[in-house]
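Please look at the sequence and the model together before reading on.

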Amino acid sequence: MQELLSCTNVVFHCAATVRFNDSLRHAVQLNVTATQKLLLMASQMPKLEAFIHISTAFSNCNLQHIDEVIYPCPVEPKKIIDSMEWLDDAIVEEITPKLIRDWPNTYTYTKALGEMVVHQESGNLNIAIVRPSIVGATWQEPFPGWVDNVNGPSGLIIATGKGFLRALRGAPMAVADLIPVDTVVNLTLAVGWYTAVHRPKSTLIYHCTSSNFNPCHWGKMGFQILATCEKIPFERAFRRPYADFTTNTITTQYQNAVSHWAPAIIYDLYLRLTGRKPRMTKLMNRLLRTVSVLEYFVNRSWEWSTNNTEMLMSELSPEDQRVFNFDVRQLNWLEYIENYVLGVKKYLLKEDMAGVPEAKQHLRRLRNIHYLFNTALFLIAWRLLIARSQMARNVWLFIVSLCYKCISYFRASSSLKA
Ligand SMILES: CCCCCCCCCCCCCCCCCC(=O)SCCNC(=O)CCNC(=O)[C@H](O)C(C)(C)COP(=O)(O)OP(=O)(O)OC[C@H]1O[C@@H](n2cnc3c(N)ncnc32)[C@H](O)[C@@H]1OP(=O)(O)O
Ligand SMILES: NC(=O)C1=CN([C@@H]2O[C@H](COP(=O)(O)OP(=O)(O)OC[C@H]3O[C@@H](n4cnc5c(N)ncnc54)[C@H](OP(=O)(O)O)[C@@H]3O)[C@@H](O)[C@H]2O)C=CC1
């Protein structure tokens, strides 16, 4: 502690809980109280030049247009911190929806409270706030596509590539505000420099987002994920990768029943029959729960103003602009997403590229099983229909006689030509 207090020049405060469904008590402890404690600690650092707090672009996701300002929270953070000390867990759980109001989860709500704490308790500290949007794999450094956890889109890329996720309630034309992690790091370092050297009079907020500079839509992203998974498939896929966005609740429910639950139940039945432990329905349950907490972010678009980020870009020397590049106007989304999917395969699934031919062969087998299954299903349905309906029998006889006539006609015309 003594060493930290006496030697620290710049604090980059990244630590947080990023789980959307954390209990309010835990999220307040990590994202609000800890911020307050770190500010107190920072105020005792004589050599401190700058304190950079990492928030999220979604801390005010209850608004549609978000400026580079700190918005007040309905209840003072101090009151929330105090109440967490004496309220028991059951009451905290009960009042959580009332407290978080139109925030979608405890994470975004407590990140907003964390910003308020920074604003109120910064004292004489030289502070800035960075708000990244959805952090994705690296764009360039140390190499394209590096990723180390399943947060945000990464987990859903796995679920799509492995064929578990077939449909997602989301708007394909909504903006997918992804930002590569190396861009966030570069911008954060540049903010550290600017805050320490230029000492702005007020706390500056920097939106580390892509939509203002180079927008990409969920539809385009989904398309490129599927295209890459087709070209370089993941190993041992459950089904062929195919997924689509739907905006309709009934279609979503239909897709959940037919494309998610039915195959999982059939597969578990097969596992049981072959004496193995069923696991697919459990996995599907977890996946659909994850999807339900992420859906909020795929159904809406936000606008973030980026004046401070643009100002910072113009303040950097040409050499620093190159070394600490955070200009996402140069980012090619299709190339980035392809590298992202390959990074997921390599660094999260730990799959070797040598296994690609076998993975392709597996997809071909899955395609054949799919055709076989559909044909069998069609024949069974048709057989049942014929047994029960005179009209179906008539249609069937009509089709058979039509086929017979066509074959006879072609046979006759070919023998005439001969
Ligand atoms: C057309 C096709 C298109 C496809 C692609 C489309 C992509 C759309 C993506 C939209 C992303 C939107 C993200 C918005 C981020 C906002 C930015 C931030 O500031 S926020 C910063 C970002 N923060 C986040 O992203 C937090 C997201 N995560 C959470 O909030 C929670 O983990 C939870 C609620 C999902 C589950 O909680 P709980 O039930 O308590 O259980 P646990 O926590 O213990 O986990 C259970 C299992 O789930 C696993 N798993 C975890 N995450 C994902 C995932 N994304 N995915 C898949 N799986 C995931 C986890 O590995 C574990 O597996 P296992 O070890 O048991 O095998
Ligand atoms: N991922 C995203 O899409 C986005 C993230 N952010 C923000 O970026 C920051 C980093 O997030 P991300 O890297 O994604 O999340 P991670 O969960 O990967 O990292 C969180 C970090 O916080 C540390 N931490 C958690 N609890 C404690 C604790 N009690 N004491 C000390 N350290 C702790 C963890 O340490 P350890 O590894 O030891 O557990 C970990 O290094 C967060 O502030 C988050 O809000 C903002 C926008 C988007």
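## Ala16 and its loop

In which loop is the place of Ala16? Ala16 sits in the loop between β1 (10-13) and α2 (24-42), where helices (H or I, at least four residues) and strands (E, at least two) are DSSP runs numbered from the N terminus. This is a predicted model, in which local features need pLDDT of at least 70 and side-chain atom pairs count only at pLDDT 80 or more, while totals for chains, interfaces and linings use all residues. Residues are numbered from 1 along each chain as its sequence is written, and chains are lettered from A and ligands numbered from 1 in the order in which they are written.

Ala16 counts as partly exposed because it has 18 C-beta neighbours inside 10 Å; a residue is buried if 20 or more other C-beta atoms lie within 10 Å of its own, exposed if 12 or fewer, and partly exposed in between, with C-beta atoms placed from the backbone. Leaving aside neighbours within four places in sequence, Ala16 is in contact (C-beta atoms, placed from the backbone, within 7 Å) with Leu30 and Asn31.

Beyond its neighbours within four places in sequence, Val191 is in contact with Ile52, Ala128, Val130, Tyr206 and Leu312.

## Helices α7 and α11

Helix α7 (residues 181-198) packs against helix α11 (residues 307-315) at an angle of about 75 degrees, with their axes 11 Å apart; axes are lines fitted to C-alpha atoms, for helices over the stretch in contact, and angles run from 0 to 180 degrees between N-to-C directions. In this pairing Leu187, Ala190, Val191 and Tyr194 of α7 meet Thr309, Leu312 and Glu315 of α11.

## The covered helix α6

Helix α6 (residues 153-161) is mostly covered, since 7 of its 9 residues are buried, namely Pro153, Ser154, Leu156, Ile157, Ala159, Thr160 and Gly161. The elements covering these buried residues include β5 (134-136), β7 (178-180), α8 (218-231), α10 (280-294) and α13 (333-348). After α6 comes Gly163, whose phi is positive, near 85 degrees.

Notes: Contact = placed C-beta atoms within 7 Å.
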